[in-house]
Amino acid sequence: MSTAAASAHALPEAAPAAPALPGLATETRRQRRLAYWQAMPLGLVFLAFFLVPLALTVIVSFWEYNEYEIIPAFTLQNYVDVFEGCLSGGDLCTTFRTYLSTLKFCLLGWAATLTIGFTVAYFVAFHVRSTAMQTVLFLICTIPFWTSNVIRMIAWIPLLGRNGLVNDTLMGLGLIRTPVEGLLYSDFSVVLAIIHLNTVFMIVPIFNSMMRIDRALIEAATDAGATPWQTLWNVIVPLCKPGIAIGSIFVLTLIMGDFVTVGVMGGQQIASVGKVIQVQMSYLQFPAAAANAVVLLGAVMVLIAALTRLIDLRREL
Amino acid sequence: MSRDGPRPFSFYVLAAFFGLFVLFLYGPTLTILVLSFQGPQGGLTFPMNGVSTYWFSRLWAGLGVVDIWAAFRRSFALGLVVMALTVTIALFAGLAFRKGFLGQTPLFYTAVASLIVPSIVVSLGIGLEFRLIDEGIKAFAAWTGWGFLQDHGTVMGLFTSALGAHLTWTLPFGLLIMFAVFNRFNPAYEEAARDLGATGPQSLRHVVVPIILPSLVGVALFGFTLSWDELARTSQAIGGRNTLPLELQGLTTTVTTPEIYALGTVTTGVSLLVIGLAFGTFLLIQRRRARRVTLPGT
């Protein structure tokens, strides 16, 4: 299962074109027809629960609404509302401030998960010698992914709270006199939880990339006189780029759209784009929420485009 | 980097880092596991005020206004349905991608997009979709005047909108695993089956599925656990009756006793049980296979 999970990010091999032998033509056609039927359930699920909802979100974002209902009449007002006050200069408008705050979490979370994820994957892939041990350590890193995120957030309360373990220990050691406020329900706890929950999304693809590296290349680098650092930087890191890219896209998009971690770990006090959408939904302001969702989707797409551009650019150099 | 010889100094540094990471990963969860056995007088933080199962019995009796066990049952049932559908749909989609078909690239990218598009957006979209369906049904009821449609509430629910929301999250994982599986699958086994006169369904049932069974267990594990813990995509697409993670999220702001830790322990216990079951099945299959290989006569 570990190998399946580890290589889960492999792209599908293009199906080889069927040979055009006359006797097999009917069979090939039958197989092709069968393929449509076999792929249909997947296609229908994505159509009904992903593509149509996204299309409806875009459509409804241009609709009017009042306190009671949404009205199918074209308007740009929802988008005007999203960017209200953004062009007047002076203080930042709410939307920009929210995105800036989310961007801060993105950068901090990304830098930390990448550093930790790469180091952990590097240790397991290159320093652990037996395959069985590698599998066990890899699984240790992934098992928490299959348990509840909310529980893993709540679990920080007894550690970071005002009378939590961290404060108690620091006071016991005489390092502080009064408990440190703001360990919990602060930017700090949000970033901590983001790292806690999302590092796995870096470890898995980077580990997968590392396991595909031909060990002879490392040996060649060593034989050519490279120091371990040089091997790491000039051989391993470049070959891990696909894994790093996949992990980065995963982590960044997860943080961008997050509202649960920011909500629970921020004590429902810190703004995030996802939270804005959630609140508007609860007030039944669907077109406003839809407009915000479209803007968020656009921001995520720009981010992914920038990331893929960055990688392709590097490949060309 | 060699596989023998003394360990370099960097090994010990990295091993220590790995150890700290595992502590960071598991430490907090272990803390609430311990604190859920807090004595009746104990609070949300250390020290332990005695050891008891008091908070579990409180939990068993129910958490105030929230019917936590109904949510528990709902989430469990939904998890099982999502698991079954994920395995079935992903398996057949994997078979289809193997053969190749027109439109496979767009479908693949749709699956990847479904994984990457922020959950709140997917959730909002599904919520909107079902609300618009409700509006449509109500308008239709007013237009036709058919009696049985007049009391229409909502089509939104556990096994409609929430099920769909969960599938948009579990199916991409299932599909990616199936790709990994079929990339390594040797088609010679199927050809041999066909040469021996097996029909398509026969070769699927007796050749392909037994060979890839361990991976299907893996897909099932993803299907259940991801559904069991899913929160963001369900949030706007569930209607009135919540799943367990949604109730849990609500409780984080209202419950101030170790009951919430007890609930956490129980929820994590279910997850771990399922993970253990999956690995147990996986090892059992491997062992059986090993035995068959060593005894070719049987």
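A residue counts as buried if 20 or more other C-beta atoms lie within 10 Å of its own, exposed if 12 or fewer, and partly exposed in between, with C-beta atoms placed from the backbone. By that rule B:Gly276 is exposed, because 10 other C-beta atoms lie within 10 Å. This is a predicted model, in which local features need pLDDT of at least 70, side-chain atom pairs count only at pLDDT 80 or more, and totals for chains, interfaces and linings use all residues. Residues are numbered from 1 along each chain as its sequence is written, and chains are lettered from A and ligands numbered from 1 in the order in which they are written.

**Around B:Gly276**
- B:Gly276 lies in helix α11 (residues 259–294) of chain B; helices are DSSP runs (H or I, at least four residues), numbered from the N terminus.
- B:Ser235 is 41 residues from B:Gly276 in sequence and 28 Å away in space, C-alpha to C-alpha.

**Helix α2 of chain A against helix α7 of chain B**
- The axes of α2 (residues 25–60) of chain A and α7 (residues 158–184) of chain B come within 9 Å and cross at roughly 125°.
- Axes are lines fitted to C-alpha atoms over the stretch in contact, and angles run from 0 to 180 degrees between N-to-C directions.
- α2(A) is therefore oblique to α7(B); angles under 35 degrees count as roughly parallel, over 145 as roughly antiparallel, 65 to 115 as roughly perpendicular and the rest as oblique.
- A:Leu42, A:Val45 and A:Phe49 are among the α2(A) residues that meet α7(B), where the partners include B:Ala165 and B:Leu171; contact needs C-beta atoms, placed from the backbone, within 7 Å.

Terms used: Helices (H or I, at least four residues) and strands (E, at least two) are DSSP runs, numbered from the N terminus. Two residues are in contact if their C-beta atoms, placed from the backbone, lie within 7 Å.
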